[in-house]
Amino acid sequence: MQDHHFEIELEVRDYECDLQGIVNNSVYQNYLEHCRHKFLHAAGLDFAELHNDGIDAVVIRAELDYKFPLRPADVFLIRLRMGKQGRLRVIFDQQIIRKSDEKLMVNARITTVLTKNGRPIAPDILEGKFEAVGVKMVEV
């Protein structure tokens with residue numbers, strides 16, 4: 001992914017693997033979510049504070065293309081690029097890359113919306129925080 005906005009590095013832990021000796025498919029969503037949360041914290045957003053104000057970020061769609069499996073002790077990068085779709089949707093395009101050979105393992109697009117008291121709202125509060133750290137949300 002060229003021009004990503006954020007990146008973290010992780011290592012596969014043995015207990016994340018299934019009987020085949022590869023990372024279980026559901027674990028990749030945890031990796032992706034961890035990266036999104038780290039990005040949001042780096043941008044100065046506090047989930048607990050938002051929730052106390054009645055605002056929640058909700059995943060409404062997760063599209064994951066599994067290319068190759070990660071194995072125990074693999075070190076990998078998770079890259080994230082932000083965007084928006086229409087007036088309400090916030091898009092996280094993410095990739096999981098094995099560090100040793102820079103091989104693409106997972107390609108993902110996570111679609112989210114903000115809700116206030118259970119109703120969708122425009123992500124203006126996010127856009128302001130992202131712009132403050134140099135990330136402009138463009139239409140994808």
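In these legends, Ala, Val, Leu, Ile, Met, Phe, Trp, Tyr, Cys and Pro count as nonpolar, Asp, Glu, Lys and Arg as charged, and the others, Gly among them, as polar. The structure shown in every view is a predicted model.

**View 1. Lining of the largest cavity in the predicted model.** The structure holds one cavity of 30 Å³ or more, and the volume of the largest cavity is about 60 Å³. Its lining is made up of L40, L45, F47, L50, I55, D56, A57, L114 and L126, which by class amounts to eight nonpolar residues, one charged residue and no polar residues. At least two lining residues are supplied by each of α2 (47–52) and β2 (55–66), and β2 gives the largest share, with three residues.

**View 2. Lining of the largest pocket.** The elements α1 (25–42), β2 and β5 (103–116) each supply at least two residues of the pocket lining, with the largest share, four residues, coming from α1.

**View 3. The largest nonpolar core, with 34 residues.** Within this core, the residues with the most contacts are Y31, F39, L70, M82, I96 and F130. Two or more core residues come from each of β1 (6–11), α1, β2, β3 (75–85), β4, β5 and α3 (124–132), and the largest share, seven residues, is that of α1.

**View 4. Surroundings of I96 in the nonpolar core.** When residues up to four places away in sequence are not counted, I96 touches Y28, Y31, L32, L70, F76, L77, I78, K103, L104, M105 and V106. Two of these partners, Y31 and L70, are themselves listed with I96 among the core residues that have the most contacts.

**View 5. Q95 and its side-chain contact with N107.** Q95 is placed in strand β4 (residues 89–98). Because its relative accessibility is 11%, Q95 counts as buried, the cut-off for that class being under 20%. The side chain of Q95 is joined to the side chain of N107 by a polar contact of 3.3 Å.

Note on methods: Residues are numbered from 1 along each chain as its sequence is written. This is a predicted model: local features need pLDDT of at least 70, side-chain atom pairs count only at pLDDT 80 or more; totals for chains, interfaces and linings use all residues. Side-chain values use heavy atoms; hydrogens and water are left out. Buried means under 20% relative accessible area, exposed over 50%, partly exposed in between (1.4 Å probe, protein chains only). A polar contact is a pair of N or O atoms within 3.5 Å; within protein, one must be able to donate a hydrogen and the other to accept it, and residues adjacent in sequence count only if both atoms are side-chain atoms. On a 1 Å grid over the protein atoms alone, a cavity is a set of points where a 1.4 Å probe fits but cannot get out, and a pocket is an open set with protein on both sides within 12 Å along at least five of seven lines; lining residues have an atom within 4 Å of a point. Grid points are joined across faces, edges and corners, and a volume is the space filled by probe spheres set on the points. A nonpolar core is a set of buried Ala, Val, Leu, Ile, Met, Phe, Trp, Tyr and Cys residues joined through side-chain atoms within 4.5 Å. Contact means heavy atoms within 4.5 Å.
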